[in-house]
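Please look through the structure shown here with attention to how its parts are built and how they meet. A short report accompanies it.

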Amino acid sequence: MSRGKIAIIGIGEVPTASMPDRTQWDILYDTCMEAVRDSGLHKNDIEGAICVSPQAQPKITAELSFGKLPEELGLKGCRDTVVCNAGGASTSNCLRLAEQWIENGTAQAVLIPHVTVHSTVPIPDLINFFAQAGVDLQWEYPFGSTYNIIMGLMAKRYMHETGCTPEEMASVVTALRSWAAKDPHSIFYGKEVPSVEKVMQSSLLNTPLHKRESNVLADGGCAMVVVSAAEAKKMKRPAAYKLGESVRYFSGTPLMRDFHKVVEGFYLTGKESLAQAGITKDDVSLWNIYLAYSLAHPLMAEALEVAPLGQGGKYFAQGRMSFGGDIPWSTIGDAVGRGHTGSGVSAALYVETARQLMGKAGERQVKDCRYVFQNTAGGSGFNNIATVWGRDF
Amino acid sequence: MEFDMTKPNPEVQPWSMKFWEGTKEGKLFIQFCKDCKSYIFYPRKFCPECWSGNLGWKQASGKATIYTFSTAYDMVEPKFMDELPYTIAYVDLEEGIRLMTRIVECKPEDIEIGMPVEVVFYPRNDFMLPYFRPVKK
């Protein structure tokens with residue numbers, strides 16, 4: 001679809017945290033201004049604004065949907081703005097639309113912001129939103145299902161089929177948190193990395209999911225500036241070039257999601273996106289995987305042939321995907337390590353992909369980072385979008 | 001802080017009414033396409049295989065095996081807290097249909113993938129939900 005057509009040239013982000021004192025607009029100002037300054041462009045060079053849809057926040061979603069962002073930020077050159085919503089895959093669709101706008105001349109530079117402030121949403125509303133979103137209201141919700149339970153169902157079957165142990169599953173949290181502890185934008189920055197034993201000792205929410213294998217809801221925001229690959233090349237600034245993409249749809253209702261079709265989808269989208277980028281898995285410097293929950297990471301590692309079949313959990317347990325390991329993996333720690341910002345985890349992961357390729361990842365910088373594989377998934381896992389990014393094209 | 005403690009009813013569509021009427025009579029109906037002979041779950045307005053509107057219903061045996069399950073101990077909606085612990089499962093019916101359900105009438109620690117189960121109907125407001133219990137040996 002897109003080998004070398006667009007590039008991310010500017011990024012901005014606020015640390016993920018609980019920030020009830022900050023409004024969404026306060027965060028949007030900071031992240032958008034930082035991203036535009038980082039790009040080297042002037043604010044009036046931004047000709048399009050494509051916003052990641054905030055989840056469970058109807059007021060800010062309505063304001064963004066009805067065009068307030070360019071006006072609020074004084075983006076005098078902006079020709080159009082829109083909000084994209086595909087849950088966790090929203091940012092991927094913002095990037096796709098940016099590519100289209102850049103290709104057809106609608107905009108030469110596009111700003112893609114995300115913001116989420118969970119901490120001021122009334123708790124009953126938050127619980128109700130996450131209980132119903134992505135769950136079928138006729139065939140699942142009445143039985144008392146939750147996101148945690150859906151992930152538990154998938155993990156239980158995976159463990160049954162592969163022999164992956166609870167200890168190996170717990171080691172995924174240790175790996176993800178080892179990256180988060182080094183990430184100034186993580187809610188767990190500088191915090192102790194929980195051992196496998198500590199993860200296992202945390203209370204059981206629903207089998208086989210322990211409390212430390214679940215996510216902490218948090219507030220956060222980030223933004224990116226995207227231009228054509230040719231323009232980015234001309235600007236001679238650090239950039240992340242989009243080199244490949246592939247996607248598969250699975251199902252809207254978790255019950256209808258065939259386990260093997262999902263694994264096949266992970267495998268095919270990985271293969272196709274790498275082929276489109278003209279590289280192989282051995283060329284990938286960093287696997288930036290977004291799955292929201294730790295339990296699906298071993299499965300993804302196997303589907304991408306990063307680990308042999310049935311060995312995904314063992315690879316994590318051996319520390320190979322941890323900070324300092326030989327397979328750099330989810331360097332923001334996915335939602336488990338970053339804190340869950342609704343549709344924002346995948347946005348933050350794209351920012352991290354760009355940060356790594358630009359050589360700005362500090363202590364977490366992957367050595368000689370040339371190619372990053374990144375996936376996103378929408379809703380409770382209705383699809384998988386695989387993308388490949390490079391520091392050149 | 002006020003939570004809505006009303007237990008949710010299934011949000012029924014016109015073409016799924018027959019399913020829920022059946023559960024009130026202690027019957028598990030599966031939608032069936034008379035043209036392409038496919039079993040359909042969940043019920044649709046048109047057959048998802050061939051888009052035929054020539055649809056009917058067949059009564060399932062109610063026998064199934066557990067494909068996967070997860071027993072909840074915490075962090076469910078407040079309206080379901082009084083039912084903890086409970087086990088949610090995907091079960092595969094003999095007719096080749098997969099349902100989400102609850103596994104009841106047994107201890108959570110006795111539940112296993114592949115376990116044979118049978119349908120049993122439990123009330124929810126004005127509805128009867130199809131739950132499953134282990135088949136007695």
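## Chain B as a whole

The model is a predicted one. Chain B holds 1 helix and 8 strands, and when these are followed from the N terminus the order is α-β-β-β-β-β-β-β-β. The C-alpha trace of chain B spans about 50 × 40 × 25 Å along its principal axes.

Of the 137 residues in chain B, 28% count as buried. Among the contacts in chain B with a separation of 6 or more, 52% are between residues 24 or more positions apart.

## Two domains in chain B

According to the domain assignment, chain B comprises domain 1, residues 11–59, and domain 2, residues 61–137. The C-alpha centres of these two domains of chain B are 21 Å apart, and the contact between them involves 8 residues of domain 1 and 11 residues of domain 2.

On the domain 1 side of this contact in chain B, helix H1 (residues 17–24) gives the most, with 3 residues. The residues on that side of domain 1 comprise 5 nonpolar, 2 polar and 1 charged.

## Strands S4, S5 and S6 of chain B

S4(B) and S5(B) pair in the antiparallel sense over 8 bridges, and Phe69(B) stands opposite Ala89(B) of S5(B). S5(B) also pairs with S6(B), again in the antiparallel sense, over 6 bridges, with Leu99(B) in S6(B) as the bridge partner of Val91(B). In general terms, the strands of a sheet pair through backbone hydrogen bonds, either parallel or antiparallel.

S5(B) and S6(B) form a hairpin that leaves 4 residues between the two strands, and Gly96(B) in the turn has a positive phi of about 90°. Because 7 of the 8 residues of S5(B) are buried, this strand is largely enclosed by the rest of the structure.

## Where chain B meets chain A

The contact between the chains involves 33 residues of chain B and 27 residues of chain A. At least two residues of the chain B side are supplied by each of three strands, namely strand S4 (63–72), strand S5 (86–93) and strand S6 (98–103) of chain B. S4(B) gives the most to this side, with 6 residues.

By residue class, the side of chain B that touches chain A divides into 19 nonpolar, 6 polar and 8 charged residues.

## The nine-stranded sheet of chain A

Chain A contains an open sheet of 9 strands with mixed pairing, in the order S3-S2-S4-S7-S1-S8-S11-S10-S9. Strand S3 (80–84) and strand S9 (286–288) of chain A stand at the edges, where each has a single partner strand, so one side of each is left without a neighbour in the sheet. On average, and with direction ignored, neighbouring strands of this sheet are turned by 25° against each other.

Within chain A, strand S1 (residues 6–17) and strand S7 (residues 219–228) pair in the antiparallel sense over 9 bridges, and Ile6(A) stands opposite Ser228(A) of S7(A). Helix H10 (residues 259–277) of chain A lies across strand S8 (240–249) and strand S11 (383–390) of chain A, and the helix runs at about 150° to S8(A).

Methods:
Residues are numbered from 1 along each chain as its sequence is written. Chains are lettered from A and ligands numbered from 1 in the order in which they are written. This is a predicted model: local features need pLDDT of at least 70, side-chain atom pairs count only at pLDDT 80 or more; totals for chains, interfaces and linings use all residues. Domain bounds come from an automatic or database domain assignment. Two residues are in contact if their C-beta atoms, placed from the backbone, lie within 7 Å. Ala, Val, Leu, Ile, Met, Phe, Trp, Tyr, Cys and Pro count as nonpolar, Asp, Glu, Lys and Arg as charged, and the others, Gly among them, as polar. Two strands pair if DSSP finds at least two bridges between them. Axes are lines fitted to C-alpha atoms, for helices over the stretch in contact, and angles run from 0 to 180 degrees between N-to-C directions. A residue is buried if 20 or more other C-beta atoms lie within 10 Å of its own, exposed if 12 or fewer, and partly exposed in between; C-beta atoms are placed from the backbone.
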